[in-house]
Amino acid sequence: MLNETRIKVRFILNGESRNIECMAADTLFDTLRDSLGTMSVKQGCDFGGCGVCSVLLDGRPVYSCLMPTWKVEGSKIETLEGLKGKELMNLDAIQQAFATNFAQQCGYCTPAMILNAKALLERNPNPSVDQIKDALSGVLCRCTGYMPIVEAVMQAAMMRRKKTQV
Amino acid sequence: MSSTSQEQNLLFKEKTLVGVPLQKVDSILKVTGKALYTKDVRLPDMLHAKIKRCPYPHARILSIDTSKAEQIPGVRAIVTGKDFPVQQNEDTPAVAFSEALYANQAVVAVAADQRRTSELALEMIFVEYEPLPWVTDPEIAMTPGKTPTKIVHPSETWYEDPNVGRHIKIRKGDASASFKECDRVIEEKYTTGMVSHFQLEPVTFVAQPDPDGGVSVWATSSGPHKTQYELSRYLGMDADKIRAKVPFLGGWFGSKEECHVAAICAKLALKADRPVKLELSREETLTATGQRHPSVITVKDGINKGGKIVARQIRAIFNGGAYSSLGNNVVINAVLGAVSVYDIPNFHMDCYRVYTNEQPGTPMRGPIGFQIAWAIECQMERIANELGMDPVEFRLKNVLKEGSENAIGELMESISHDKVLEQVTSAMKLNGQGKSSIPQDSTQENKWVRGRGVALSAKWAPGGSPHQAMVRVKESGKVEVWVDVVENGQGIYTGITQIVASEFGIPSTDILLMPLVFGSDSSMSGLSGGASASRQLVNLGNAVLEASSNAKKLMAERASKKLGVPSHDLDVREGRVFSKTDFRRSLKISELFLRAPIVGYRTVASFTEGVEFVGYGTFYFRQGKLDPETGMTIGGRISPFYMSTAQIAEVSVNVETGQVRVEKIVAAADVGVAINPDLAKGQIVGSVCMAMGAATSEELVFKDGKIINANLADYEIPSIFDVPLVIPILVENPLQNGPFGAKSAGEPSMFPTAPAIRNAIHDALGIWVNDLPITSERVLEALQKLREN
């Protein structure tokens, strides 16, 4: 029958400390959506094929559907819910650029795209088009043909650089 | 025009948002992760459902034993075929009743407290099958004496051949007699494979029993009313007791019309008397829900000396899978696709939708037309090449002209076939066909050979699919828009907002689009056909314009007394009711409202005397029929208008590996008037990239009657590295009865991409590939053939 053994896990989600109990088979995806209600984490497949479940684990993008929850003990997890910025309506530059550049149609891949872009811009504030494509290549988009997304990340990089110069 | 009215026109100059690249009204919700999809719906005490599926492509169900599963704690409901009224129609049953007709068809469904419990219960359900003969090849399935199985549906219209669910024919002139007199006759066979929409959000439903014995269903559907009425048939329940809601859709493209899956979810919820969520996995979405119809299309053309096609005969076979789903009706698209571009005096066509033991074929972005455009545009290139004619010149010589009649008797109006071709050719020149050749030595530099190819198509927008709208003007001058409209990414929320804002001359922020707040809901507004067949913007756009105009009339009547001006002389714009002949006589909208205290006299609220300023509107184009013998239209057009589209593709082909790299595509499309040019361009670019996937890599592959590549590792959709540079060109040829002249943009650009790529590959290497997808293997095979000759 079902293995009901519970494991205690502590981690930081979007700046808030969380203590939860999970089962050994629970993925971070299950935990984030079912237990913690961060619904911006989406699901497109079940095993690391589409990337729309991406979250940031200590600043690096990971597929939450492949990450066992017990493994994130002591880590910092970021989802789109945690992203705040200084642009209009408390948006981050990346969010602002995605909104104004028509970088989303159905919007289902958008949370993952924005998080992957954030991870890129934190380590490389001035990326080339190829570097952007590399960084976003783990996430699929079926609507836009990707071009507006790449343009949005270029624009966000510029906005962020301007902010830091001031 | 008098000088006063000219002055007024200046003063009340149209403040319109038509043609403005307004930021999507749902963009902030989407970039902050607040946009909720059906998959995100969570209700208190919600159960999770799973489906047990048939492992055979065709089998008789001998017995189902659920007794063990029923005893598992946490299992709340189990449904089998017996729980549904027996479907006396050709539709996909919710759950197989006595026979399963395709691999992975649903046989039993379970709802339990937890997903894991449902999964466990499936393992404790025992089904005994008797495997039966099956067929997946439509050409075998429709040949008398050859087919191993006859797929019988109770109330089917049977045609002369076995397993033919629909046969449509067009007989114009005498094609076979003309062939004898032609200078040249060219016949080729073209095929396309089963392609998936691969919308990123898998098929999901949530159902909740309502207090009145009805049921509310959250659906990944293109229209809440479609779900409502279809569910009513599946459940045998009064449609008025079914409330269908569609939140944001995580991609659509024609998929998700899976009301048979919704019926399972609703039945489980009613049986358990608790909310139920049914989430199909990616594999289930690929193997057990509808995909694009595979096709086999033969085109035979007779051409005279001057390069004019005088006769064309088409035999088009579509693999429809085990049930009609919506498929038997969409076969008419084969006709519309075949008659929409070229002017051919003798035209014969036979289109078949054939039942096989595969999952039912369903519409996908430019359904059936995509396959027809592939065949015809490959054929056009072949002919031009054999005649030694320039491919653009050859097409222009045969194209339908404005005001001419197509092969089913529709007048071609507001078309731009010449214009779109001209636009793409001036943006990117063709190499000149037959110029390139395979390099003799395969050094690093010339392993990759470049070529360019062209294709021309036109998309229709059939009549039918009524849309209704309601608008309510508030004291603040803001306008509520109550419509059932489904935002699947195309930007329709924004388009409708721009149309209403333009009609009232107010900013987009003064439009309260109710579906943006609540999602689309069948109980919230009048009938809407939802998104489909390039109609939503035109039909709903016209409906909201009529609704706006009716609301304005009510305001004018109310203002007429106060201003002492006849109501027909009054108009409403920019928050004011004013006289069209004397603009100084005007009122603020708020002056038409009364105020009264509510909440213990503390708060004052506004209201109107008598009816509110609410206007209703309905729009659809009436649709004629095809004569069953000649295929000529009876009682009106099938498609009220057509949208021209042309593309030129530039590709690189690796002569050693056969790999095709699509470098650049110039895509022109006639959108009528672009309500929002950036959204229209987004539709063109998105279509091209999706069609490129179907052209070069995507196919669901069957082995032993089952799909063997139902995952993202083996079924490859374009990644960020695969997409070409796409240059969209908007051609604006206004549609007289479109909202502000708009046509549609969501589907047309799907058509020319695949043939343009194939024609470019020919330009590069001199090879002809007639089968989709154009995989490396197929390129190498064609190269091998060329070298041998």
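Author: B:S27 belongs to helix α2 of chain B, which covers residues 27-31 (helices, H or I, of at least four residues, and strands, E, of at least two, are DSSP runs numbered from the N terminus). Because its relative accessibility is 0%, B:S27 counts as buried (buried is under 20% relative accessible area, exposed is over 50%, and partly exposed lies in between, with a 1.4 Å probe and protein chains only). A polar atom of the side chain of B:S27 lies 2.8 Å from the backbone oxygen of B:K24. Leaving aside residues up to four places away in sequence, B:S27 touches A:A99 and A:Q104, where contact means heavy atoms within 4.5 Å.

The model is predicted, and local features need pLDDT of at least 70, side-chain atom pairs count only at pLDDT 80 or more, and totals for chains, interfaces and linings use all residues. Residues are numbered from 1 along each chain as its sequence is written, chains are lettered from A and ligands numbered from 1 in the order in which they are written, and side-chain values use heavy atoms, with hydrogens and water left out.

The rule finds 5 salt bridges across the interface of chain A and chain B, a salt bridge being a side-chain nitrogen of Lys or Arg within 4 Å of a carboxyl oxygen of Asp or Glu. A salt bridge joins the side chains of B:E698 and A:R142, at 2.8 Å from N to O. Across the interface of chain A and chain B there are also 21 residue pairs in polar contact, both residues at pLDDT 80 or more (a polar contact is a pair of N or O atoms within 3.5 Å; within protein, one must be able to donate a hydrogen and the other to accept it, and residues adjacent in sequence count only if both atoms are side-chain atoms).

Chain A itself is divided into domain 1 (6-81) and domain 2 (83-165), with bounds that come from an automatic or database domain assignment. The C-alpha centres of these two domains of chain A lie 21 Å apart, and their contact takes 17 residues from domain 1 of chain A and 15 residues from domain 2 of chain A. The area buried between domain 1 and domain 2 of chain A is about 1,300 Å², and carbon and sulfur atoms give 60% of it. Of the area that domain 1 of chain A buries against domain 2 of chain A, A:V52, A:L56 and A:L80 supply 38%, more than any other three residues. The rule finds 1 salt bridge across this interface of domain 1 and domain 2 of chain A, and 6 residue pairs in polar contact, both at pLDDT 80 or more. On the side of domain 1 of chain A that touches domain 2 of chain A, β3 (54-57) and β4 (60-63) of chain A each supply at least two residues, and the largest share, 3 residues, comes from β3(A).

Chain B, to which B:S27 belongs, is assigned domain 1 (3-35 + 464-621), domain 2 (39-132 + 202-248 + 256-288) and domain 3 (295-462 + 626-788). The centres of domain 1 and domain 3 of chain B, taken over C-alpha atoms, are separated by 39 Å, and the contact takes 27 residues from domain 1 of chain B and 25 residues from domain 3 of chain B. Domain 1 and domain 3 of chain B bury about 1,800 Å² between them, 66% of it on carbon and sulfur atoms. Between domain 1 and domain 3 of chain B the count is 0 salt bridges, whereas the rule finds 9 residue pairs in polar contact across their interface, both at pLDDT 80 or more.

Definitions and conventions:
Buried area is the accessible area (1.4 Å probe) that two parts lose on being put together, summed over both.
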